[in-house]
Amino acid sequence: MSDILKVLEQVPGWKAIMGLPKRLKELEDRVAALEGKPAAKAAEACPLCEAPMKVTRVEDDPVFGVMGLKEHTLSCTACPHTETRQVDPKKQR
Ligand SMILES: [Zn+2]
């Protein structure tokens with residue numbers, strides 16, 4: 001039996017095959033990381049650095065506030081980028 005293993009170790013690529021389970025684990029981790037991305041994207045992401053953005057201010061919309069619309073100010077958690085967005089609370093569930 002040990003003779004067979006010795007022979008196998010001479011075969012080019014055998015070590016790579018033996019390393020496959022580890023390689024598979026790495027690939028699984030990468031897939032899991034990639035699958036996790038769309039969910040992170042669904043939350044607000046900074047268009048400049050893709051870090052998550054947080055709502056830092058909620059005010060009545062300057063134009064449509066009388067109709068109940070809100071203006072959310074979003075700030076990036078990693079860079080100075082901020083942006084505003086119009087939100088209709090009635091359309092949020
Ligand atoms: Zn940013």
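Among contacts in the protein between residues at least 6 apart in sequence, what percentage join residues at least 24 apart? The figure is 27%, where two residues count as in contact if their C-beta atoms, placed from the backbone, lie within 7 Å.

Before the details, some ground rules. This is a predicted model, in which local features need pLDDT of at least 70, side-chain atom pairs count only at pLDDT 80 or more, and totals for chains, interfaces and linings use all residues. Residues are numbered from 1 along each chain as its sequence is written.

Confidence comes next. pLDDT is the predictor's confidence in each residue, from 0 to 100. The protein averages 85, and 88% of the residues score at least 70. Strand β2 has the highest confidence, with a mean of 96, while helix α3, residues 20–42, has the lowest, at 72. Within residues 38–42 pLDDT stays under 50, and the model has 1 contact beyond four places in sequence for that stretch. Where pLDDT is low, the predicted coordinates should not be read in detail.

Now the overall layout. There are 3 helices and 3 strands, in the sequence pattern α-α-α-β-β-β. Helices (H or I, at least four residues) and strands (E, at least two) are DSSP runs, numbered from the N terminus. Of the 93 residues in the protein, 2% are buried. Buried here means that 20 or more other C-beta atoms lie within 10 Å of the residue's own; exposed means 12 or fewer, and partly exposed is in between, with C-beta atoms placed from the backbone.

On to the sheet. The 3 strands form an open sheet in the order β1-β2-β3, with antiparallel pairing. Its edge strands, each pairing on one side only, are β1 (53–60) and β3 (82–87). Neighbouring strands are turned against each other by 25 degrees on average, direction ignored; the axes are lines fitted to C-alpha atoms, for helices over the stretch in contact, and angles run from 0 to 180 degrees between N-to-C directions. Two strands pair if DSSP finds at least two bridges between them. β1 and β2 run antiparallel and are joined by 7 bridges. β2, residues 70–76, pairs with β3 in the antiparallel sense over 6 bridges, and β2 and β3 form a hairpin with 5 residues between them.

Ser75 shows how the strands line up. Ser75 in β2 is the bridge partner of Lys54, and Ser75 also stands opposite Thr82 in β3.

Which residue in β3 is the bridge partner of Glu71? That is Gln86. Glu71 lies in strand β2 and touches Glu59, Asp60, Asp61, Pro62, Thr84 and Gln86, not counting residues up to four places away in sequence. Is Glu71 buried or partly exposed? Glu71 is partly exposed because 17 other C-beta atoms lie within 10 Å.

Glu83 is found in strand β3 and is partly exposed, with 13 other C-beta atoms within 10 Å. From C-alpha to C-alpha, Glu83 and Pro47 are 9.9 Å apart in space, and they are 36 residues apart in sequence.

Glu50 lies in the loop between α3 and β1. Its phi is near 65 degrees, a positive value in a residue other than glycine. Most residues other than glycine have a negative phi. Glu50 is partly exposed, with 13 other C-beta atoms within 10 Å.
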